[in-house]
Amino acid sequence: MREDAERWNDRYAATQAVVARAPEVIERLPHLISLLPVEGRCLDVASGPGAVTLWLAERRLDVTALDASSVAVDLLDSAAAAAGLSTRIDARVVDLDDGLPEDLGDLDLVVCQRFRDTRLYGLIIERLRPGGLAIITVLSTVGTREPGPFHAPRGELREVFDSDPRCEIVYETECDGAAHLVARRL
């Protein structure tokens, strides 16, 4: 984790302001916003400085944000305080190589934007309460000329989530170097 944390700390060191932003698939297809819970507990996996976390907290959801970067978590804490959202946000420095923290379960929503670790897919489903949603976006080999080591092969999200009897896919697309998936826990 130390190497990842240092790389991301360096990247976020120049960040001055964090602006609330919807998950990518909601920005692309605003009608999907109606699927989101209006209250409850959420998890933002690999939150970075917390644009999505802030957006969810503004919607009156209680959000736990996880990231390896202490700089990102500090930025999120500052932005939450400035927006009056500190009571809704629990930001933590976490090594996601160790999985998800044990205390996080029975969640209404899990968001994971542009972080791919196939070992977390089953844990994301497991941590959702029945009816809870997962919103996942990862880099994809589909529609990119030079895929890197973090790009998912074609159909990875669909294959994993479609084969898990605990969930159903609500929406899925893969193009322009990204794969987006919304799944509901049964």
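Author: Tyr-12 counts as buried, with a relative accessibility of 13%, and the cut-off for that label is under 20%. Keep in mind that this is a predicted model. Trp-8 is partly exposed instead, its relative accessible area being 26%. Both residues belong to helix α1, which covers residues 2–12, and being 4 residues apart there puts about one helical turn between them.

Now for the rings themselves. Searching the whole structure turns up 2 aromatic pairs. In one of them, the ring centres of Trp-8 and Tyr-12 are 5.5 Å apart and the planes meet at 25 degrees, so this pair is stacked. The cut-off behind that word is planes under 30 degrees apart.

The other pair is Tyr-121 with Phe-161, and this one is tilted: the distance is 5.6 Å centre to centre, with 55 degrees between the planes. Tyr-121 sits in helix α5 (residues 118–127) and Phe-161 in helix α6 (residues 156–162), so the pair ties together parts that lie 40 residues apart in sequence. As for burial, Tyr-121 and Phe-161 are both buried.

Two or more lining residues come from each of α1, β1 (41–45), α3 (51–58) and β5 (128–139). Helix α1 gives the most, with 5 residues. So what is the lining made of, counted as nonpolar, polar and charged? It divides into 14 nonpolar, 3 polar and 13 charged residues.

Read from the N terminus, the order is α-α-β-α-β-α-β-β-α-β-α-β-β. Of the 186 residues, 51% are buried. The radius of gyration is 16 Å, which agrees with the value near 16 Å that a compact globule of 186 residues would have. The C-alpha trace spans about 40 × 40 × 30 Å along its principal axes.

Taking contacts between residues at least 6 apart in sequence, 61% of them join residues at least 24 apart.

Technical notes
Residues numbered from 1 in each chain as written. Predicted model: local features only at pLDDT ≥ 70, side-chain atom pairs only at ≥ 80, totals over all residues. Heavy atoms only, no water. Phe/Tyr/Trp six-rings, centres within 6.5 Å; stacked < 30°, edge-to-face > 60°. Buried < 20%, exposed > 50% of the residue type's maximum accessible area, 1.4 Å probe, protein only. Nonpolar A, V, L, I, M, F, W, Y, C, P; charged D, E, K, R; others polar. Rg over C-alpha atoms; globule rule 2.2 N^0.38 Å. Contact = heavy atoms within 4.5 Å.
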